[in-house]
Amino acid sequence: MPLNKKPTAIKGKGKKGHHTPDPEPEEEEAPAPVHDAFDQPNREVVVPKEQLNLTEEQLDEEITKMLTANNPGAPTNVARYNFKERKYKFEP
């Protein structure tokens, strides 16, 4: 099998040196504005229709709430297997 093959001509490509002129470019519309990744986003305050109009006294009133680390959904009795004693034990 010969390694050096000559390239063969591709049929249907036309005559050598024959060039068709490009069609005239049509007028283009102005491009859309480009959004830069570093532009500040426009923020718009949206007030719901159901929002209450509070007086200054009501706005200045302090409401204290306590946050705790207790989880009311945690189980109160957890049983784990103790391999040393070979039985389940409840953890306090």
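The following exercises, each with a worked solution, concern a predicted model.

Residues are numbered from 1 along each chain as its sequence is written, and side-chain values use heavy atoms, with hydrogens and water left out. In this predicted model, local features need pLDDT of at least 70 and side-chain atom pairs count only at pLDDT 80 or more, whereas totals for chains, interfaces and linings use all residues.

**Exercise 1. The elements of the chain**

Solution. Begin with the rule: helices (H or I, at least four residues) and strands (E, at least two) are DSSP runs, numbered from the N terminus. Helix α1 covers residues 56-60 and includes Leu59. Strand β1 comprises residues 78-82, and strand β2 comprises residues 87-91.

**Exercise 2. The hairpin**

Describe how β1 and β2 are paired, and examine the turn that links them.

Solution. Two strands pair if DSSP finds at least two bridges between them. Here five bridges join β1 to β2, and the two strands run antiparallel. One of the pairings is that of Tyr81 with Tyr88 in β2. The strands form a hairpin with four residues between them. Next, consider Arg86, which is located in the loop between β1 and β2. Its phi is near 60°, a positive value in a residue other than glycine. For comparison, most residues other than glycine have a negative phi. Arg86 is also exposed, with a relative accessible area of 68%; the classes are buried (under 20% relative accessible area), exposed (over 50%) and partly exposed (in between), for a 1.4 Å probe and protein chains only.

**Exercise 3. Salt bridges**

Find how many salt bridges the model contains, and state which side chains form them.

Solution. The criterion is a side-chain nitrogen of Lys or Arg within 4 Å of a carboxyl oxygen of Asp or Glu. The count comes to two. In one of them, Arg80 and Glu91 meet at 2.7 Å, N to O. Arg80 lies in strand β1 and Glu91 in strand β2, so this pair ties together parts that are eleven residues apart in sequence. Glu91 is partly exposed, at 36% relative accessible area. Glu85 and Lys89 also form a salt bridge, at 3.1 Å, N to O. Both of these residues are partly exposed: Glu85 has a relative accessible area of 39%, and Lys89 has one of 36%.

**Exercise 4. Aromatic rings**

Identify the aromatic pairs, and classify the geometry of each.

Solution. Rings of Phe, Tyr and Trp (its six-membered ring) pair if their centres lie within 6.5 Å; planes under 30 degrees apart count as stacked, over 60 as edge-to-face and the rest as tilted. There are two aromatic pairs. Tyr81 and Phe83 are 4.9 Å apart, centre to centre, with 80° between the planes, and are edge-to-face. Tyr81 and Tyr88 are likewise edge-to-face, at 5.1 Å and 70°. Tyr81, Phe83 and Tyr88 therefore make up one aromatic cluster under the ring rule. As for accessibility, Tyr81 is partly exposed at 35%, Phe83 is exposed at 68%, and Tyr88 is exposed at 61%.

**Exercise 5. Burial in the whole chain**

State what share of the residues counts as buried.

Solution. Of the 92 residues of the protein chain, 0% count as buried.
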